[in-house]
Amino acid sequence: MSSTVHPALAHARRLPNVWDLAALLGVFALIVAVAHVTPDTYKPIDAPGAVTVSLDPSHLPTYALRTTLRMFAALAVSLLFTFTYAPLAARSRRAGLVMVPLLDVLQSVPILGFLSFTTVFFMGLFPGRVLGLELAAIFAIFTSQAWNMAFSFYQSLTTLPGDLEEATRSFQLSPWQRFWRLDVPFAMPGLVWNTMLSMSGGWFFVVASEAITLGDHTWLLPGIGSYVAQALDKRDLAAVGWAILAMLIVIVLYDQLLFRPLVAWSAKFRFEMTAAAVAEDPWVLRLMRRTRILRLAGDALADAVGRVTTLRLGRAPGRAARARRARRGQSWLGDIVFFAVVAIVVLAAAYKVVDFIASHDVGWRDLGITVALGFATLARVVVLIALATLVWVPIGVWVGLRPSWARRIQVAAQFLAAFPANLLFPIFVVVIVRFHLNADIALTPLMILGTQWYILFNVVAGASAFPGDLREVADNFRVGGWLWWRRVILPGIFPYFVTGAITASGGSWNAAIVSEVASWGDDKLSAHGLGAYIAHATDAGDFPRIVLGVAVMSIFVLAFNRALWRPMYAYATRRTTLA
Amino acid sequence: MDATTAPLLEVRACRQSYHKDSSADLLVLEDVNVTLLGGEIVGLLGRSGSGKSTLLRIVSGLLQPTAGEVRWRGTPITGPAPGVAMVFQSFALFPWLTVQQNVELGLEAQGVPRAEREKRGEAAIDLIGLGGFESAYPKELSGGMRQRVGLARALVVHPDLLLMDEPFSALDVLTAETLRTDLIDLWSEGKLPVSSILMVTHNIEEAVLMCDRILVFSTNPGRVESEIRVPFAHPRNRHDAAFRQMVDDIYALMTRRARPAVLPAVPAGDVTFATPLHPVSTNLLAGLLETLAAPPYDGRADLPALAGSLQLEADELLPLGEALQLLGLGVLEEGDLRLSERGREYAHADTDRRKAIFADALRAHVPLIAAIRRTLDERWNHRASAVRFREELEDHMSPGYAEDTLRTAISWGRYAELFEYDEEAQQFSLEEDHQTAD
């Protein structure tokens, strides 16, 4: 983001220009559209059209709008959660001990299984109203968005630069001022990036969260997700196509209108003192800067934000050392009490889980089954990551070493990652049914459909960042062929690859629940795996098995992360950097 | 400058220790007394590890001393005091704020209304020579400009006391010099809205150039070793004979007490397992020994002259000299560095012989390395974990020091081929041929 003012902008015309007109129209259209659909959310459930979906494509714009609004509502809640949970976990040593692992678990486990349970709760809040269902859907989307955002913020908070932290204390900023002047800006690039990831993650759950089944009742909240569900049920391939088109448009719109400008804007918060090569501003950002009214509105907003964030709320902290020492005497006692309480809660929870499973005719046999199924899903994830690596690493390296290609492919890969792969499921299902393929194998690629792109664009990023002098050394000594891969480029891109693979593997576990079962009208396809187990249990409303399945899956994911990715990541950062 | 008689700042019997549960405290500062009056520039001069930056943080209220008292205008301080502002060595600018916003930070914290904030911010920016850069982001500025922003940010709150933590050490020589002169000019003309300046430095010339008083710190534990008044009027001339003499005297002062005089054969009799080792590269040591042995020094060099010709600062050269002394290869005395007999032999030997001399010196004079080698010799598999040694060191010093000390021991021992080290496994081992030789 450049701060130098272009002369043409400095002497901006006083009169609104043509961009102003376009911008105004856009803003008004948005307001009208939102105003149009909002009252629908407070209708009684039995009002006509409140909870049914028509496959007529002319309804799709409205459906798309409502789905988008739901997703942004969930995003807002996720941000709120991020801004409260992460600081608490980062600031308090004791809270952090519990809250960080908890976040790790929540992040790796799809809460989809508990959807029917939360639905009951939210419908109880607004009996007979659509709003209850809406909130349940928003909550489900929230559970797919919040964790990685909170985690990213937490990580930023624990890696704040020491000198800036000292500067805020030295100039006596209040906690509130410090939060907005140091904590949030420092976390901004990571937070924006994770918000984007969350948004695409959310699409995965839209289908499941908008079509809500509870016992014999099925409600379809108007939206793209339930439209797709309906189309799958009615075997309407044309409708699926329309839905994909609508979703494409929505994704392009919010990607272009919101995230591109956000990413470009957040670059100014990147904590580096060297001026990096400046990418071209996205057109929306240019529009905002050129449009008089939008700029004025932006300035007014910045002004208001400035006023609020510089309020001197809270007392400026004194010396950290003093506070710590003063507490040292009591901290032993506090620790004992704290850990005792945690231990009791954990034990009680463990007892509850065991008791719950045991008392609902879910025996140890089921445990054996879920563990075996877990290994089946694990095998799928491992094989898929390996395959994706074999395919995308050479391609990524090839592309990354050619800058003109790299930029184009980066954009495409990011878009593909944002595109919800479950929309393509129907196509797979049709093919599988028609050609009578083995569901155990043929359904497997679905898991990595959306997540493989992370490997691609991380490898591309790594290859483009590969130091030029090292490439020259390799050329100079005529290092070629397999030796070049083994000694030069693979170690060079390794940290980037690991980052991408971690994201891809996490995403694949999540996708298992949605992708190990697929249906097309009456044709139900199911692979053997833990994801399918959880999905079936959810369909049957079988809580004990949902609990068991989700618990076993969390353990698998955590163990997989700890045993494979963590050491790999540590190795990558230790070995492949000179510092 | 209106020098008032009542002291601005009083530090009484200040003591700072690094607390380690299992053993005695590691002393960083011991019995430090400092009084600061209005209208003076005081420099805290010392080597790295002498606790001078710690003292600055105590004065700024960022750190609470283990014992002792800090009085600001007569009242004990309990946190960052309103009349004290700090300039950081690393600049500590917020990359997402413009120059103007960075400068206004302290005023925002005080709740100064926006109009006044902007006015004062612009005044400070103009004063420090940054006019025209108000809307620039720090990353668009050069190092010298960035530190000017750091200065403006501190000055804008009109502090009574300006604290500077090695403010010019991250800058190149020319930029640093310009910034120093600009600051001193503003000070002499009475344009700085501050009453006193307390600055930390390890650069002797910088201290003599800028300060009215210099407090020289000793190391282990940090103590005010001596106080020197600088009587010269501003602007001062580096090439002035009296200026040079004072720089020489301070060098002598800082080396005189580096070690109590001991026999060169048994240098530094107080070296124990837990003596912190400064990370000094063996390449530098070898280079220094060669330089000393060759003309014009022929085995004896005057430290300021040596520092000048090698373009090293005092706190870079002194650890080298101390390392040589520790190993019995050189002797520090009265501002001179002298080669010992072994040192001379080393300088004239070939690579293998040098390694042998170095190995002997390490085993004789560095108990930590001797202990590592002994352990390896005793073990049947000739392997030992580094973790164990690190933990032992941490019983006696802070984790940072323990890390530095162990790293140094590893690098010295590797050079002398006393042992091998596997970074992945954090494990010492003996070389293969050593093992078969057993």
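In chain B, 71% of the contacts with a separation of 6 or more join residues 24 or more positions apart, a contact being two residues whose C-beta atoms, placed from the backbone, lie within 7 Å. This is a predicted model, so local features need pLDDT of at least 70 and side-chain atom pairs count only at pLDDT 80 or more, while totals for chains, interfaces and linings use all residues. Residues are numbered from 1 along each chain as its sequence is written, and chains are lettered from A and ligands numbered from 1 in the order in which they are written.

Here are some overall values for chain B.

| Property of chain B | Value |
|---|---|
| Span of the C-alpha trace along its principal axes | about 80 × 50 × 45 Å |
| Radius of gyration | 24 Å |
| Buried residues | 44% of the 438 residues |

The radius of gyration is taken over C-alpha atoms, and the globule rule is 2.2 Å times the number of residues to the power 0.38. With 438 residues, a compact globule would come out near 22 Å, which agrees with chain B. A residue is buried if 20 or more other C-beta atoms lie within 10 Å of its own, exposed if 12 or fewer, and partly exposed in between; C-beta atoms are placed from the backbone.

Now to where the chains meet: 27 residues from chain A and 27 residues from chain B form the contact. By class, the chain A side that touches chain B has ten nonpolar, eight polar and nine charged residues. Nonpolar means Ala, Val, Leu, Ile, Met, Phe, Trp, Tyr, Cys and Pro, charged means Asp, Glu, Lys and Arg, and the others, Gly among them, are polar.

Within chain A, A:Ala243 touches A:Ile224, A:Tyr227, A:Val228, A:Ala231 and A:Leu423, leaving aside residues up to four places away in sequence.
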